[in-house]
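Reader: I have a model open and would like to go through it quickly. Can we take the overall layout, then the helices, then a few loop residues?

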Amino acid sequence: MEANGTDAAEDASPYHRAIGDLGRVLLEAVTAHPTLRVHLSCWTGRSDPLLALLGAFPANAYAGLDATVPHSKATEAHAVAFDVPLSRLLLETGAPGTVPSAAARAAGRAAFGHSGLLPLVAEAVAFRKGGGAEKGEEAMEAVVRVAAAR
C-alpha cells in the first residue's frame, strides 16, 4: 500500500495508465485550445477517474452516459450516474445495438438504439440519483441546456 492509500499494483494497471494518458492528451489539447469542449462519450469506466478528469477540466469536459445505464449489471455506469453532476452529464443513445433494458424487453430482438429512447436513459440516471420523474425531467433539461450551449 502506498502513502496515498492506493495499491502500487493498481496504479500501474493498464486502466490507470490509460486514464493518465487521457489526462495528458486533454491537458495538451485544452492548453492549445482553451475553449475546446471535450465529450467523453459513452463512459463505461470507473467513477473516480472520471470525476478527477472533470475536476481537472471544469470548463471543458463533459461525460456521456448511454443506454447501458438502465441495465442492472452496469454497476460502473450506475456509480457515474450517481456521482456526476447533471450539468456535466450528456445523455446518449450509444450504438444502434445499445438498447435500454425496458426497450429490449418490449421489442425483443427488433429493438435498436435511437434518440427516442433518451427518456429511458434519463429515467435510469434519475433513479440512480435517487429521484423520480422530476429528476428524469431535470436530466433531460440539462442535456438540452448543454447541447444548446454548443
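This is a predicted model: local features need pLDDT of at least 70, side-chain atom pairs count only at pLDDT 80 or more; totals for chains, interfaces and linings use all residues.

Reader: What share of the contacts with a separation of 6 or more comes from residues 24 or more positions apart?

Author: Take burial alongside it. Of the 150 residues in the protein chain, 37% are buried. Among contacts with a separation of 6 or more, the share from residues 24 or more positions apart is 64%.

Reader: What span should helix H2 have, and how far apart are its end C-alpha atoms?

Author: H2 covers residues 14-32, which is 19 residues.

Reader: Which residues of H2 are buried, and within what arc do they fall?

Author: The buried residues in H2 are Ile19, Gly23, Leu26 and Val30. They line one face of the helix, because seen down the axis of H2 they fall within an arc of 70 degrees.

Reader: What do the buried residues of H2 pack against, and which exposed residues sit on the face turned away?

Author: The buried residues of H2 pack against strand E1 (38-40) and helix H3 (47-56). The face turned away from the buried side carries exposed residues, each over 50% relative accessible area. Those are Pro14, Arg24, Val25, Glu28, Thr31 and Ala32.

Reader: At what angle do the axes of H3 and helix H4 cross, and with which hand?

Author: Two packed helices are described by the angle between their axes and the distance between the axes. The axes of H3 and H4 (residues 75-83) come within 9 Å and cross at roughly 35 degrees. The crossing is right-handed.

Reader: Which residues make that contact, and how do they divide by class?

Author: H3 brings Ser47, Leu50 and Leu51. H4 brings Glu76, Ala79, Val80 and Asp83. By class, the contact has four nonpolar, one polar and two charged residues.

Reader: Which residues of H4 are buried, and what covers them?

Author: In H4, Ala77, His78, Val80 and Ala81 are buried. Seen down the axis of H4, these residues fall within an arc of 165 degrees, so they line one face of the helix. What covers them includes H3, strand E2 (61-65) and H6.

Reader: Which residues are buried in helix H6, and what follows the helix?

Author: H6 takes in residues 118-128. Its buried residues are Leu118, Val121, Ala122, Ala124, Val125 and Ala126. The helix is followed by Gly130, with a positive phi, near 90 degrees.

Reader: Now the loops. Where is Cys42, and what is its phi?

Author: Cys42 lies in the loop between E1 and H3. Its relative accessible area is 26%, so it is partly exposed. Its phi is positive although the residue is not glycine, with a value near 50 degrees.

Reader: Last one. Where is Thr93, and which residues does Thr93 touch?

Author: Thr93 sits in the loop between strand E3 (89-91) and helix H5 (101-107). At 23% relative accessibility, Thr93 is partly exposed. Its C-alpha atom is 9.7 Å from that of Leu120, 27 residues away along the chain. Not counting residues up to four places away, Thr93 touches Asp66, Ala67, Thr98, His114, Ser115 and Leu118.

Technical notes. Residues are numbered from 1 along each chain as its sequence is written. Side-chain values use heavy atoms; hydrogens and water are left out. Helices (H or I, at least four residues) and strands (E, at least two) are DSSP runs, numbered from the N terminus. The expected span of a helix is 1.5 Å times one less than its number of residues. Buried means under 20% relative accessible area, exposed over 50%, partly exposed in between (1.4 Å probe, protein chains only). The arc is that of the directions from the helix axis to the C-beta atoms. Contact means heavy atoms within 4.5 Å. Axes are lines fitted to C-alpha atoms, for helices over the stretch in contact, and angles run from 0 to 180 degrees between N-to-C directions. A crossing is left-handed if the near helix is turned anticlockwise from the far one by less than a right angle, and right-handed if clockwise. Ala, Val, Leu, Ile, Met, Phe, Trp, Tyr, Cys and Pro count as nonpolar, Asp, Glu, Lys and Arg as charged, and the others, Gly among them, as polar.
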